[in-house]
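Q: How should I read the contact between two chains, and then the packing inside them? Please take the features one at a time.

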Amino acid sequence: MGLGIAEIGAMVGGLIRLGRPLAVVLTTLCQLFDGTVKGYSSSVLLLDRTAARVREAVGPGLPDSYMKQLAAQDAAPGFWLHEVSPILSLTGEPLGIFAVYRRENNTGVTRCHSALMQQFTHVASAAIEHMRSEEALKRSAALLERTQQLSSTCCFSWRVKTDEISWSKELCQLFELDPADVPVTLDLIGARIHPEDLPSFQEIIERARGGVSDFEFEHRLRLPDDSVKYLRVVAHRTSDQEGQLEYIGAVQDVTHRRHTEEALAKLRAELARAARVASLGVLTAAIAHEVNQPLAGIVTNAGTCRRMLAADPPDVEGARETARRTIRDAERASEIVKRLRALFCKKGAASESMDLNEATREVVALSLSELERNKVMVRMELAGELPRVQGDRVQLQQVILNLFLNASDAMSGVDDRPRQLLIRTERDEENRVRLSVRDTGVGFEPQGVDRLFDAFYTTKSGGMGIGLLVSRSIIESHKGRLWATPNDGPGATFSFSIPGGAQDMTAGVSCARNLGAVRTAAVTNAEERHVRIP
Amino acid sequence: MTVMIKRPLVSVVDDDESVRESLPDLLRELGYSVRAFSSAEEFLASDCVGETRCLLLDIAMPGMTGPDLQQELTVRGRDIPIIYITAQADEIVRACSLEQRAVACLFKPFSDTALFEALNAAFGVSRAT
């Protein structure tokens, strides 16, 4: 056999490419050596990573029993250890030992050159190194796959210049793409993206092409069976080996989380509305009951009075008495109304010095998910230096939240322009702090501005029509003003301003807080007066 | 010669004083004799239960409610026609009270005509004013 070392290298390389196990490759190598150098048998001892133990031993020309004991380095009967050469990695790390034995019956016809030994050792080293890196790669790929499964995350890379996209197998499954559909293209991805999310997705892609740093966003997929998945994408900007812009990123399937959140938000909204309707209903009934009592007296007395005067002869004295009672009952009714108003606006509640910007940011943070769900883009322009205001933090935040939700609702039907919400705080000439909420919603007719603040006036199908009324009463109790203006373009702007700086706020802050007290009283009342029909 | 016709007795049970004050005058104008009570318990304790031909009864009262009184009267075998009067304008309340064989259920404030019609229904007559 007169194979040159180049041919041997090619043969061994071919086996490796075919994915044959290392033992097979090394056995072939030994056979090739044994065939080239007659009268000698070769073996390879493969060391483990610590280089302290033999991991595998191949020596096709040597007896099995001997190979089993090779660690002990005892020569088998009839074999003379001829030469041993360490197999080293490129970095000099010991990988194994190439050992050549001279057969007893070798009369020295063939010579074993050290140079040949070196060449075989070199091929063995290349084979072992390749296998090792292959194994490491497989292990890390397996680890990655496991990790991806554990965290429901998939990964990708995107070379921006060439639009080359590498995807994990899991990502193909997530997008329900056939892994055979490679290469994955942006068009292929775009076809799966929910049509409503496509514009923002494309916008992000364009921004990324411009080389923004990292990006993060959520979007939905609409799959061929019309089912919808929610994905969260996080990408990190980096460069590939050629120094070209490349993003590597992770995609997480957050569908389950989203569904839970949505169900929770819906439930919360329903609960809030139910509570609002219930307490308002109870409150209304309690007020009606209180006022109807004297009204009944008035109507009865007036009726009696008329009858007494119509009698023949007229009972003037009786009529005068019933008229007196009518007036007395009317005064009583007016007294009840006065008392109710006092209840609604009791004086002397605690108030605190607060930063309206901070309060606004808290409300934005709280309502952001709701606003995002309604596809509302929120922009904040908060004044740098804002005087502190004195007031009831919770109440003012209720007003702000109410303005946000109104704005969001006003934009819910808007599809032909961006749904933008601009929140601005500023200080005006009179040291008052002003907050305005500008939307691009349906707006209102200029002549309709007065009705906006009427009780029970609403343009929303699910609305109660008391939000703005209560908001205005809160702002007025803070010695402030709440008003609405139509925008030059689409939408409306709702603003309030309250005095800035320290001031005496012992009076009138707790109007809406006492509403809670009235409500509680009304509920108790209603329970006390609960009608039992046998 | 005048014949003394005994006027039928209508009892008013209501915790609201202005009702107890105004309603009897109107009822007398309409031709009834009247007794007013501030609670169901007070009415039951009086000597008027047997004589009462019609009961003008408030629904929501502290202590014994109007419906409680109706049930008590049924238990005692007193079949007095009842007209409920209530300041709680609630259609469900009205429907329930009528289901319980009340003659009528008037929401306060009610007109003298409405009261007159309800009384006529209670006495099963149709007379001109």
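A: Start with the rule for a contact: two residues are in contact if their C-beta atoms, placed from the backbone, lie within 7 Å. The model here is predicted. In it, the contact takes 25 residues from chain A and 28 residues from chain B.

Q: Which elements give two or more residues to the side of chain B that touches chain A?

A: They are α1 (17-29), α3 (66-75) and α4 (91-99) of chain B. With eight residues, α1(B) gives the most to that side. Sorted by class, the side of chain B that touches chain A has seven charged, nine polar and twelve nonpolar residues.

Q: In what order do the elements of chain B run from the N terminus on?

A: The order is β-α-β-α-β-α-β-α-β-α, and the secondary structure of chain B comes to five strands and five helices. Of the contacts in chain B with a separation of 6 or more, 55% are between residues 24 or more positions apart.

Q: How do I read a nonpolar core?

A: In soluble globular proteins, nonpolar side chains tend to be buried together. Here the largest nonpolar core has 41 residues, of which Val12(B), Val13(B), Leu56(B), Leu57(B), Ile83(B) and Tyr84(B) touch the most other members. Helix α8 (residues 255-310) of chain A supplies the largest share of this core, seven residues. Another core, of 30 residues, lies apart from it and includes Leu22(A), Ala57(A), Met117(A) and Ala127(A).

Q: Which residues is Leu56(B) in contact with, leaving aside its neighbours within four places in sequence?

A: Leu56(B) is in contact with Val10(B), Val12(B), Leu23(B), Ile83(B) and Ile85(B), with those neighbours left aside.

Key:
Residues are numbered from 1 along each chain as its sequence is written. Chains are lettered from A and ligands numbered from 1 in the order in which they are written. This is a predicted model: local features need pLDDT of at least 70, side-chain atom pairs count only at pLDDT 80 or more; totals for chains, interfaces and linings use all residues. Helices (H or I, at least four residues) and strands (E, at least two) are DSSP runs, numbered from the N terminus. Ala, Val, Leu, Ile, Met, Phe, Trp, Tyr, Cys and Pro count as nonpolar, Asp, Glu, Lys and Arg as charged, and the others, Gly among them, as polar. A nonpolar core is a set of buried Ala, Val, Leu, Ile, Met, Phe, Trp, Tyr and Cys residues joined through C-beta atoms within 7 Å. A residue is buried if 20 or more other C-beta atoms lie within 10 Å of its own, exposed if 12 or fewer, and partly exposed in between; C-beta atoms are placed from the backbone.
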